[in-house]
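Hi,

Here is the structure I said I'd pass on.

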Amino acid sequence: MSEYQYYEFQAIDRPLAEREMHELRSYSTRATITATRFVNHYEWGSFKGSPSTWMEKYFDAFLYLANWGTHELVLRLPRQVLDLDTAKRYCCGKAASARAKSGFVLLEFLSEDEEDGDWDDGSGWLSSLIPLRADLAAGDYRALYLAWLLCAQTGALKDHATEPPVPAGLGNLTAPLKALADFLRIDDDLITIAATRSPEAVEPSASGREVEHWLAALPDAEKTRWLLRFARGSEPHLRAEFLRRFRESCPTRPYRGSEAPRTVGELLEVAKQRAEERGRKEAERAAKERARREQEAVEARKRYFADLAQREAQVWHEVEVLISTKQPGKYDMAVKLLGDLRELGLHQGRADDFETRFLQLCEEHAKKPSLIERLKKAGLTAKTW
């Protein structure tokens with residue numbers, strides 16, 4: 001298979017200016033470039049730009065896929081909606097990292113698996129993952145926790161390292177979160193084990209009296225700052241930031257129980273045990289299903305031979321008719337029926353009767369080499385051969 005690389009960038013918070021689109025065109029004459037998107041794939045050449053620089057300068061999301069197993073996703077968010085220290089608490093290895101640049105936090109996720117042989121052209125992935133930006137801006141940190149699990153899975157963390165806070169709703173992933181887990185190839189068993197400490201997500205109402213009471217309790221100066229920012233209308237994530245602040249003020253459910261944070265080693269070991277148990281159960285189910293199919297085949301074979309015994313004379317006649325056509329395809333059908341008749345004779349203790357009649361048939365058609373050859377290949381040979 002030839003080399004294949006897929007690059008896709010998207011601008012979400014603001015469209016690209018004409019000047020910026022012209023700058024991007026200088027890197028590729030055949031890429032799809034719009035005010036919000038740059039898409040190209042390479043089978044022989046290579047990307048001439050710098051994804052890191054482009055994400056700092058132009059775009060809010062980037063996805064890269066190569067057919068040798070590399071999957072990469074980068075999301076850029078304004079620092080006022082995602083704290084860098086919070087991001088680094090979860091993104092703490094090569095597989096998931098966070099950095100700040102020019103008022104933004106960039107989250108970089110990387111999965112490499114050379115043994116992943118499934119063909120994927122990369123299209124469609126980014127559109128399914130982009131909603132994660134809005135979720136992160138609104139304070140949903142499940143994507144960050146999945147990134148931490150990826151770091152643990154890839155061996156970037158020490159066994160005694162403890163997990164960061166487990167966000168609510170990890171046991172009920174949204175479609176974008178499932179797409180993230182799939183794209184980064186995060187182990188399902190590891191996610192399931194991690195989710196046992198995640199409380200159910202209870203979304204506080206963002207309307208009516210709850211917001212009114214929260215706003216009323218804010219200092220006048222803070223209320224004024226919010227109103228001015230909304231009035232300017234220049235911050236695309238302002239509503240998400242506002243709702244995040246409101247949600248943070250609402251009571252949240254703690255861990256289930258009073259357990260201390262788990263270590264990387266504990267999570268990996270329990271996930272391994274779960275995978276082994278699941279594999280054992282799947283093997284048992286497969287064995288039972290195989291035994292069921294084999295028994296059904298035995299029963300079907302019994303019914304077939306019971307019917308064959310009732311039609312034995314008719315089947316011998318059918319064999320003669322098929323052979324008389326002198327057609328190769330009909331010869332094959334005749335040979336199959338003869339095999340069944342032999343097995344019927346053995347089952348009924350009348351093998352000599354079959355042998356006598358079969359020898360007679362062979363003598364009658366000895367001048368049909370194609371038929372004789374087929375009989376020999378099927379293991380049907382007269383004693384005189």
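Below is what turned up, starting with how the values were made.

This is a predicted model, so local features need pLDDT of at least 70 and side-chain atom pairs count only at pLDDT 80 or more, while totals for chains, interfaces and linings use all residues. Residues are numbered from 1 along each chain as its sequence is written, and side-chain values use heavy atoms, with hydrogens and water left out.

First, strand 5. Helices (H or I, at least four residues) and strands (E, at least two) are DSSP runs, numbered from the N terminus. Strand 5 covers residues 70-78, and eight of its nine residues are buried, so the rest of the structure largely encloses it. Buried here means under 20% relative accessible area, exposed means over 50%, and partly exposed is in between (1.4 Å probe, protein chains only).

Strand 5 pairs antiparallel with strand 4 (residues 61-66) over five bridges; pairing takes at least two DSSP bridges between two strands. A61 sits opposite L75 of strand 5. The two strands make a hairpin with three residues between them, and G69 in the turn has a positive phi of about 110 degrees. Strand 5 also runs antiparallel to strand 7 (residues 104-112), joined by nine bridges, with T70 opposite E112.

Then two loop residues. R185, between helix 7 (175-183) and helix 8 (188-195), has a positive phi of about 55 degrees without being a glycine. R185 counts as buried at 17% relative accessibility. K326, between helix 13 (312-324) and helix 14 (328-348), is also a non-glycine with positive phi, near 60 degrees. K326 is exposed, at 60% relative accessible area.

Cheers
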